[in-house]
Structures are given as C-alpha cells and as structure tokens.
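The stops below tell you what to pick next.

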Amino acid sequence: MFNPMKDPAQTSRPMPVPAGRLNRFARLGSMTAGIAGNMAIQALGEVGRGTRPSLQNLLLTPANMHRMADQLAQMRGAAMKMGQLISMDAGEVLPAELAEIMARLRDQAHFMPPRQLKQVLTKNWGDNWLRAFAKFDVQPIAAASIGQVHRAMLRDGRDVAIKVQYPGIARSIDSDVANVARLIKMSGLLPKGFDLAPYIEEARTQLHEETDYIREGANLQHFATLLAGDADLVVPALHTDWSTQDILTMSYVEGTPIEAAADAPQTERNRIATVLIDLTLRELFDFGVTQSDPNFANYRYNAETGKIILLDFGATRHLDPAISTAYRTLMKSGLAGDAAGLRNAATQMQFIDGNSPHDATILAMIDTVFHALRSQETFDFADRTLSNQLTKDSAALAQSGYGPPLVPIDTLYLQRKFGGMFLLANRLKARLPLREHLARYV
C-alpha cells in the first residue's frame, strides 16, 4: 500500500518542487531582489547612524540568511546543493547565529507531496508499479537537494531504500548554477582577483553527474566490490530492476545518523573515526577513486553490529594518479619536518605559486598542521587549538589581499573530504595516533 507516515518532530514539510526554467529563475530572482531590498534598507539605516555600510555586512544579516536558506530549501536542486556546499565551512567563516541558519540546508529539505511523488514513480515504472509492492511509505526517510529516499517492501520480500530524483532538477542545473554564481559575486565575499568561473563550471559538471542515477548505481557497485568483505563498512546492494535514470533502488540497511555515535564509549568513537579516515586514505592512495562529498548524512551507524553504512555515491570522482603521488610527497615531507620538500610539494600542487609574497605565510600554515601531527603521539580532535589558529591565519591572509591560485579540481574535492573527516572526528571527540596512521601510507 502507498502508506503515509507522520513524524510530528520533522521540521520539513511536503512542498511541490518548482519545475521549469522560467519558474525557477523567477524564484531565484525574487530571492535576490528581496535580499537586495533588505540590504538597501539596512544601508540607509547605517548611513543615518553616520556609519559607512559594508556590502559584506549588509548581505550577512540574519534576515537575509533566513530568506536565502528558506528559498534554497524550497527550490532544492542545484540551487540548494550549492548552498549546502557554501554552508559546509560556514562555522569557520560566519558568525555563530548565521552559521546556524545556513546549516539548515545540510540538515533538512522539504519533500514532494504524495501526488507529485506518484507522478514521478509512474513516469519511471509504468502505471501498475504499485502492485509489485507490499508496502511503500510515502513519507521519506531522507530528503536532500537532488532527491528524497523512501523505504518500501517488495512483494518478493526485498526491503529497499528508493532514492527518487525531484522532477526537472537535471534540466534546471545550468540556470540555477548561473544564478547562484551571480548571488555569490554580489556578496562581496570573494577575494579580489579571484576567478570564480572555473569553479562554477566544475560545480555545473559535478551536479549533472550527480543527477545521473545510472552513473551513481555503477559507482555504488564499484565501491561494493572494493569493500567486499570489509569488517567495518557496509555498502547497500543495487537493485537494477527497479532503478532508472531518475530512481535508484538499493537494499535498506538499518542505521542511525553517524553523529549519534558521539554518545558511544571513547574506544568506539576512536574506532569509527579510524575506519573513516582510513577509508579516505585508501581512496586516495589505493583505490584511485573517492566519494568526495563528506556530508555527515552520507554515513550511518549501526550500534548493534558496529558497522558504518556508506551512502550516496553521486559525487564519486576518479583521481589522477599524479594527485595521489603529490599528496604522498606532501605528507611525507610534512611528517618528516622537511621544509624544502614541503615547499616543493606545495608548489607542485599549486598551493603556492613559488614567487608570491604570501608563499611563506601559506607554507607556515601547512607546517602548523604537520607540526601538530609530529608533536603529538595522540591527536585530540576535540581540541580546537589547531583549527582556531588556522581560521585566524586564513582571515588575516584574506584581509591582506591574498587571492588563492587556481588549484586542480581534484585537489579541491580532496581538501573538502579531508575537512569533512576532521569535522566528523571532532564531533566524535576522537583521539587517535594520527601521525602513526598517516605514516603507514606515505
């Protein structure tokens, strides 16, 4: 049966996904105009108080952040996905109250009403699809930027999780990305001289790949093969007979949010962090392929079995072997305290250009990380000393007029993955012999 489930604690709600390029363009335009109006009112107020308004401060107000988060959550698709990417590091950039508002884009999304959901399923599976199901819960167990996930039971006994893509999302990517790029440029947050275009183009390409569920299914199977028999990790099985370009059907694996493990004993939290950091290093140095989205929602935890469930392989990237070699050289030099080797590796990876007045500062920041690793037998992820220092140094670098060089896109995705693993280990308050662990790979 097509069974509605109610969760009164859930803050998201059923809301049709706006489809059509003109409709979505109008909504983004309305959001931008509303933000601009708020900025104008705020600017007049500041002028009236005798202060000179800052474009950045005018944009980053609670009212504007609320408006942006609400509109992006309603639109879903590429617009919301880019908001999620922006919000991943919001806690290190925005004031706490604004970071909390933007973090909503990571934690919730509205979902399709049952009528719209049924239209999508019928388009993909035909008119009589419901006869094959013993149960289909219309209330999603997860909803995100590109699709929502439903649990169902097929009459043949298979317990499945069905990922359903929002209608019109793939067709709206190009216009959504272009409009969000305009909003970013309007914000005044970009360093002077920073070329946003290559990153916007890469975001467009990545989002088109993520809406290809046939491709994601192949990635899912590839990781299942790589991790077959792993004692700690589980990858759901793909059911190709119920999967299409817009629907991905997998086995349902029981688990809770990975953050729930923060209440586990210290030894278990350490083990979970070790497993996921080790997986990241295996992806880089052994597999040559990485699941590049470190969103916490992509990891689940089963306290009874101790298994970690891996989800969402839409952002899978195959890595250039040269990237793996460069990271190995960088880590080896950093762990050894080899300043010359570290400088050569950083230049090769384009973290520095070799002739910039900012090179010494960037190298010092890189060495700050490796010094923390070299000097501690056990690295305490709950200690914010290192991250606070790096945040302070980054802010000073930005204020000095530094414009970051264009680094390879694979490097950017890997840096985001490393950052995500650090944040997760911090959430778990893990304590690990991290230097020893890294040394095994380099």
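**Before you start.** This is a predicted model: local features need pLDDT of at least 70 and side-chain atom pairs count only at pLDDT 80 or more, while totals for chains, interfaces and linings use all residues. Residues are numbered from 1 along each chain as its sequence is written, and side-chain values use heavy atoms, leaving out hydrogens and water.

**Stop 1: the sheet.** Select β6, β11, β10 and β8. These four strands form an open sheet in the order β6-β11-β10-β8, with mixed pairing. Strands are DSSP runs of E with at least two residues, helices are runs of H or I with at least four, and both are numbered from the N terminus. Two strands pair if DSSP finds at least two bridges between them. Now look at the edges: β6 (233–234) and β8 (256–257) each have a single partner strand, so one side of each is left without a neighbour in the sheet.

Zoom in on β6 and β11 (residues 308–310). They run parallel, joined by two bridges. Pick valine 234; its bridge partner in β11 is isoleucine 309.

Axes are lines fitted to C-alpha atoms, for helices over the stretch in contact; angles run from 0 to 180 degrees between N-to-C directions. Contact means heavy atoms within 4.5 Å.

**Stop 2: a salt bridge.** Select aspartate 312 and lysine 163. Their side chains meet in a salt bridge, 3.5 Å from N to O. Aspartate 312 sits in the loop between β11 and β12 (316–318) and lysine 163 in strand β5 (residues 159–165), so the pair ties together parts 149 residues apart in sequence. The model's count is 17 salt bridges, each a side-chain nitrogen of Lys or Arg within 4 Å of a carboxyl oxygen of Asp or Glu.

**Stop 3: α12 and α14.** Select residues 321–336 for α12 and 359–374 for α14. Their axes come within 8 Å and cross at roughly 60°. That makes α12 oblique to α14, because angles under 35 degrees count as roughly parallel, over 145 as roughly antiparallel, 65 to 115 as roughly perpendicular and the rest as oblique. Show Leu330, Met331, Gly334, Leu335 and Ala336 in α12; they meet Phe370, Leu373 and Arg374 in α14.

**Stop 4: α9 and α16.** Select residues 197–210 for α9 and 409–428 for α16. The axes come within 11 Å and cross at roughly 75°, which makes α9 roughly perpendicular to α16. Tyr199, Glu202 and Gln206 of α9 make the contact with Ile409, Leu412 and Tyr413 of α16.
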